[in-house]
Amino acid sequence: MKCLVESLLHRESLSSLSSLYLLHHSFSCYSISEPFIPPPLRHTAFHSVRRAVMSTTLDSVVPRCKVIDSHLHVWAPADQTQQFPYFPGNEPTIVGSVEVLLQALEESGVDGALIVQPINHKFDHSYVSSVLQRYPKKFVGCCLADPTEGGGGVSELERLVNEEGYGAVRFNPYLWPAGQKMTNAVGKAMFAKAGQLGIPVGIVCLKGLLLQITDIEELCSEFSETAVIIDHFGMCKPPVNDLERDAWNKLLQLSRFPQ
């Protein structure tokens, strides 16, 4: 699956793609007018002729596929922090405004992106929401689940989806209260609500998949209607030892779940 199609910019398609365990950053994007040629043919005269013929034929039949960045972040510029404050201690050290992003997309030939709520603003979604409102046909938003005691929980998730237009939600297990897991009451309630809203849950395993795999399997087993995205391949590496091989196998075994 080399080409992320235009419909990724719609919430329904985002959910559908993530049900295939769209492991973010695992896909490269290219125009389908550029056909794949097996390696042995790449440096031959036949390759040049075949590519020219196939490109001409495909260009006349199939429109160019939109190129979508499947995961990135934006945060407010320093001169807008009165309106969009950073979370204390998470102030960025580099620029990352939507203006910088738009320039980078233009230079790179990328048509749109999934914007994931950055840790710089933590649970304050006002900056990303303002970007989604300004560019509704270019970006889809992934909000950040708030599992903190007295935090937004299910009601804030529902508001962000229904009122602000977010198309996915991220679970960061390290934002849960100390000693609690994603499978606690608020975690399960938010996970179930995501399925009801028709949006996928992206789970980021910052310290490795094996520390979270039991909770992920429990959530997937109990709420089969909720689609799941495993961010960054679950931080798995090309397996060179038994521990890495176990993590990789656990990741692949998630395919047994119907969502």
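Analyst: The account below begins with the fold, turns to the charged pairs, and ends with the rings and a surface patch.

This is a predicted model, in which local features need pLDDT of at least 70 and side-chain atom pairs count only at pLDDT 80 or more, while totals for chains, interfaces and linings use all residues. Residues are numbered from 1 along each chain as its sequence is written, and side-chain values use heavy atoms, with hydrogens and water left out.

The protein chain has 8 helices and 6 strands, where helices (H or I, at least four residues) and strands (E, at least two) are DSSP runs numbered from the N terminus. Read from the N terminus on, these elements run α-α-β-α-β-α-β-α-β-α-β-α-β-α. Of the 259 residues in the protein chain, 47% are buried; buried means under 20% relative accessible area, exposed over 50%, and partly exposed in between (1.4 Å probe, protein chains only). Contact means heavy atoms within 4.5 Å, and among contacts between residues at least 6 apart in sequence, 78% join residues at least 24 apart.

A search of the whole structure finds 11 salt bridges, each being a side-chain nitrogen of Lys or Arg within 4 Å of a carboxyl oxygen of Asp or Glu. One of them joins the side chains of D111 and R64, at 3.0 Å from N to O. D111 lies in the loop between α3 and β2 and R64 in the loop between α2 (45-61) and β1 (68-72), so this pair ties together parts that are 47 residues apart in sequence. R64 itself is partly exposed, because its relative accessible area is 49%.

A second pair is E158 with K193, whose closest N and O atoms are 3.6 Å apart. This bridge also links distant parts of the chain, with E158 in helix α5 and K193 in helix α6 (residues 185-197), 35 residues apart. The two partners fall into separate accessibility classes: E158 counts as partly exposed at 30% relative accessibility, whereas K193, at 17%, counts as buried.

D246 and K250 give a local example, their side chains meeting in a salt bridge at 3.1 Å from N to O. Because they are 4 residues apart in helix α8 (residues 242-253), D246 and K250 are separated by about one helical turn. An α-helix has 3.6 residues a turn, so residues three or four places apart point the same way. D246 is partly exposed, with a relative accessible area of 32%, and K250 is likewise partly exposed at 23%. Elsewhere, E156, R159 and E164 are linked in a network of salt bridges.

D146 stands in contrast to these pairs, since it is buried yet has no salt bridge. The nearest side chain of opposite charge is that of K122, 7.8 Å away; Lys and Arg count as positive and Asp and Glu as negative, whereas His and the chain ends are not counted. D146 lies in the loop between β3 (139-144) and α5 (153-162). Leaving aside residues up to four places away in sequence, D146 touches F123, G151, G152, G153 and M190.

Strand β3 is also involved in the packing of helix α4 (residues 126-134): the buried residues of α4 pack against α3 (98-108), β2 (112-116) and β3. Those buried residues are Y127, V128, S129, S130, V131 and L132.

The aromatic rings come next. Rings of Phe, Tyr and Trp (its six-membered ring) pair if their centres lie within 6.5 Å, and planes under 30 degrees apart count as stacked, over 60 as edge-to-face and the rest as tilted. By this rule the count comes to 6 aromatic pairs. The rings of Y135 and F139 have their centres 6.0 Å apart and their planes at 80°, so this pair is edge-to-face. Y135 is partly exposed at 24% relative accessibility, while F139 is buried at 4%. F171 and W176 form a tilted pair, because their planes stand at 50° with the ring centres 5.3 Å apart.

L211 lies in the loop between β5 (201-203) and α7 (213-222), and L211 is exposed, with a relative accessible area of 58%.
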